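Reader: Please take one part of this structure and look at it closely. Then set that part in its wider context.

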Amino acid sequence: MLRMNANVFFDLHDKLVAEYGLKETYFVTTYESLAMFSWTLGGCESNRRTQNHFKHGADTVHRKFHEVLQCVVKMSSHYIRPQDPNFHIVHDRIKCDKRAYPHLKDCIGAIDGTHIRASIPEGPSKIRYIGRTGATTQNVMAVYDFDMHFTYASIGQPGSMHDTSVLFHAIENDKATFPHPPKGKYYLVDAVYPNRDGYLAPYKGERYHVPDFQRGAPPTTPVEKFNQIHSSKRNTIERTFGVWKMKWQILLKMPNYSIQTQKMIIAATMTLHNYVRLHDKEDIHFLRCETDPDYVPTIPERYKKYVIPPNASDSSTPAESGPNMDFRHELATAIALSW
């Protein structure tokens, strides 16, 4: 019900009280406040359902939700960041894959975007949030490591904004917090992003996604072999997004909060995602991803009508150009020779 086991819940509670200012009141304990908050985020529960379940009035439920939200958002700067800020360690997911190692030894994670439903009031500003599907969304870009942790998030960009623009905006405007790849290191990105130093994209016009290779013939050319390895490692993104949305289902049908509160909810759920991942290696949602590398969590049937297709706002992709082309070609050749 609360999307975490009892030990993680109590540890999280103690940290929020000791370090982030969560306080109890005469009628509501801090444990109950956190439980109401987790219940609301996990099941996209309405204020009325929370009232009925916890036996508190509407004002109390509303006030306590926002109090805990503020505390969890304060945590975000300590939990949504790289575990190894200097990126010295090659992750086991790379090192233990004979086809990927040593070719991808300088890969430090992956970047992708996803659209989260946004509740926007009528007015001129609403148009900016409408993508090609006609739904109002936030275009959320996230950086991940191979442990399925969020290490950075750009939250609040309107749904009509191209993924590449979201990335460039984050690089330019969040210079202090964006985990820029050190010289010689790089992130894996998909084909909607430019192939440039620090950001390695797949070859366009070739088979790429894991199911494409599972359903068809094995890769034969250096380009296809590179794309298969690239996709298999970047698959961590899809699984991370899947666990995040399945665990915190408020993301699938955002209630009518202010846009600022909606941004804070996204940040809070990412923080809780990382906290659970760090403190519970046996969490049922993450464990299945660990045991089956091809498993991608699916959205519950009742929420599928709210799901935004990937890259729904991207009407074009950048042209294939830039100095990183030679580096990618060298990687593809080396992968093919050692296949």
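Author: Start with Cys-96, which counts as exposed because its relative accessible area is 64%. Here exposed means over 50% relative accessible area, buried means under 20%, and partly exposed is in between, with a 1.4 Å probe and protein chains only. Cys-96 sits in the loop between H5 and S1. Its C-alpha atom is 43 Å from that of Ile-130, a residue 34 positions away along the chain.

A word on the source. This is a predicted model, with residues numbered from 1 along each chain as its sequence is written. Local features need pLDDT of at least 70, side-chain atom pairs count only at pLDDT 80 or more, totals for chains, interfaces and linings use all residues, and side-chain values use heavy atoms, with hydrogens and water left out.

Stay in the loop. Pro-102 is also found between helix H5 (92–95) and strand S1 (107–117). The peptide bond from Tyr-101 to Pro-102 is cis, with omega near 10°. Most residues other than glycine have a negative phi, and most peptide bonds are trans. Helices (H or I, at least four residues) and strands (E, at least two) are DSSP runs, numbered from the N terminus.

Now go back along the chain, to helix H3. Cys-44 occupies the loop between helix H2 (30–43) and helix H3 (47–54). Its phi is near 50°, positive in a residue other than glycine. Cys-44 counts as buried because its relative accessibility is 17%. Lys-55 lies in the loop between H3 and helix H4 (58–79). Lys-55 is not a glycine either, yet its phi is positive, about 60°. Its relative accessible area is 67%, so Lys-55 is exposed.

Thr-50 lies within H3 itself. Thr-50 is buried, since its relative accessible area is 0%. Set aside its neighbours within four places in sequence. Thr-50 then contacts Met-36, Trp-39, Thr-40, Glu-45, Lys-55 and Val-61. Contact means heavy atoms within 4.5 Å.

The annotations come next. An unreviewed UniProt entry places "domain: DUF8040" at residues 1–74. That span is 72% helix and 0% strand, and its end C-alpha atoms are 24 Å apart. The unreviewed entry also places "domain: DDE Tnp4" at residues 111–274. Residues 111–274 are 36% helix and 18% strand, with 16 Å between the end C-alpha atoms. UniProt positions follow the numbering used here, feature names are shortened, and annotations may be inferred rather than shown by experiment.

Finally, the whole chain. The protein chain has 11 helices and 5 strands. Its C-alpha trace spans about 70 × 45 × 40 Å along the principal axes. The radius of gyration is 21 Å, which agrees with a compact globule, because 339 residues would give a value near 20 Å. That radius is taken over C-alpha atoms, and the globule rule is 2.2 Å times the number of residues to the power 0.38. Of the 339 residues, 54% are buried. Among contacts with a separation of 6 or more, 71% join residues 24 or more positions apart.
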